[in-house]
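Please work through each task before reading its solution.

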Amino acid sequence: MLRLIVFLVLWPFAGFADSAGLSPALQAQIRDRPERFEAKVSALILGYGGAKGMTAQGLQDYLAMERARVRVRDMNAMLLADLDDDGAVTQRELLAVVAAQRASLRGRLLRAHTVRDADGDGTVSGVEMRAQARLAATKATARDAGLGDLMQLDFDKDGFVTMQELRAALAMQRPES
Ligand SMILES: [Ca+2]
Ligand SMILES: [Ca+2]
């Protein structure tokens, strides 16, 4: 019965339903963490896609928003120590904020400041802050490698990835049972 269902789901994509068409990174995302993949991509299709499904532009916007989210999160701790709001965190600002924090958080903030102070002048400039934030976003993107290839799930090549195509991709990567 299950096989019949899988067949019926895949049938409209016969001829396309070949995992060789998917990049290795995308196949790995589906195969290694199918529940996470399904949750993430269905949210993407339903949330960022239009009525017809997810478009390439919608996918690019989503990925850019994810990178922005990581950058903001990365800069947050530093910006909270920018007491004079000039975009940089000096030693004086750092120590004032460290003194007001719980002991368990002090080391973390000091380390975060040191890591970001690339030229070692004791101040984390706005440029240094952003550079580290971009690095964090790049690392997060690498963790989600394969999501950039999601348009490969557009098996019928109509420019939209639908929930049906997502289900077909999941069924394809499911080990034979
Ligand atoms: Ca400052
Ligand atoms: Ca610096």
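**Exercise 1.** Determine how helix α2 and helix α8 are oriented where they pack.

*Solution.* In this predicted model, helix α2 spans residues 24-32 and helix α8 spans residues 163-173. Their axes lie 9 Å apart and form an angle of about 80 degrees. Angles of 65 to 115 degrees count as roughly perpendicular, and α2 and α8 are therefore roughly perpendicular to each other.

**Exercise 2.** Identify which residues of α2 and α8 meet, and classify them.

*Solution.* On the side of α2, the residues are Gln-27, Ile-30 and Arg-31. From α8 come Ala-169, Leu-170 and Gln-173. By class, the residues of this contact comprise 3 nonpolar, 2 polar and 1 charged.

**Exercise 3.** Is Ala-112 buried, partly exposed or exposed, and which residues does Ala-112 touch?

*Solution.* Ala-112 belongs to helix α6, residues 103-116. Inside 10 Å, Ala-112 has 18 C-beta neighbours. A buried residue needs 20 or more and an exposed one has 12 or fewer, so Ala-112 counts as partly exposed. Leaving aside residues up to four places away in sequence, Ala-112 touches Ala-77 and Met-78. Met-78 is 34 residues from Ala-112 in sequence, yet their C-alpha atoms are 7.9 Å apart.

**Exercise 4.** Describe the protein in terms of its elements, burial and contacts.

*Solution.* The protein contains 8 helices and 0 strands. Of its 177 residues, 21% count as buried. Considering contacts between residues at least 6 apart in sequence, 64% join residues at least 24 apart.

Technical notes. Residues are numbered from 1 along each chain as its sequence is written. Chains are lettered from A and ligands numbered from 1 in the order in which they are written. This is a predicted model: local features need pLDDT of at least 70, side-chain atom pairs count only at pLDDT 80 or more; totals for chains, interfaces and linings use all residues. Helices (H or I, at least four residues) and strands (E, at least two) are DSSP runs, numbered from the N terminus. Two residues are in contact if their C-beta atoms, placed from the backbone, lie within 7 Å. Axes are lines fitted to C-alpha atoms, for helices over the stretch in contact, and angles run from 0 to 180 degrees between N-to-C directions. Angles under 35 degrees count as roughly parallel, over 145 as roughly antiparallel, 65 to 115 as roughly perpendicular and the rest as oblique. Ala, Val, Leu, Ile, Met, Phe, Trp, Tyr, Cys and Pro count as nonpolar, Asp, Glu, Lys and Arg as charged, and the others, Gly among them, as polar.
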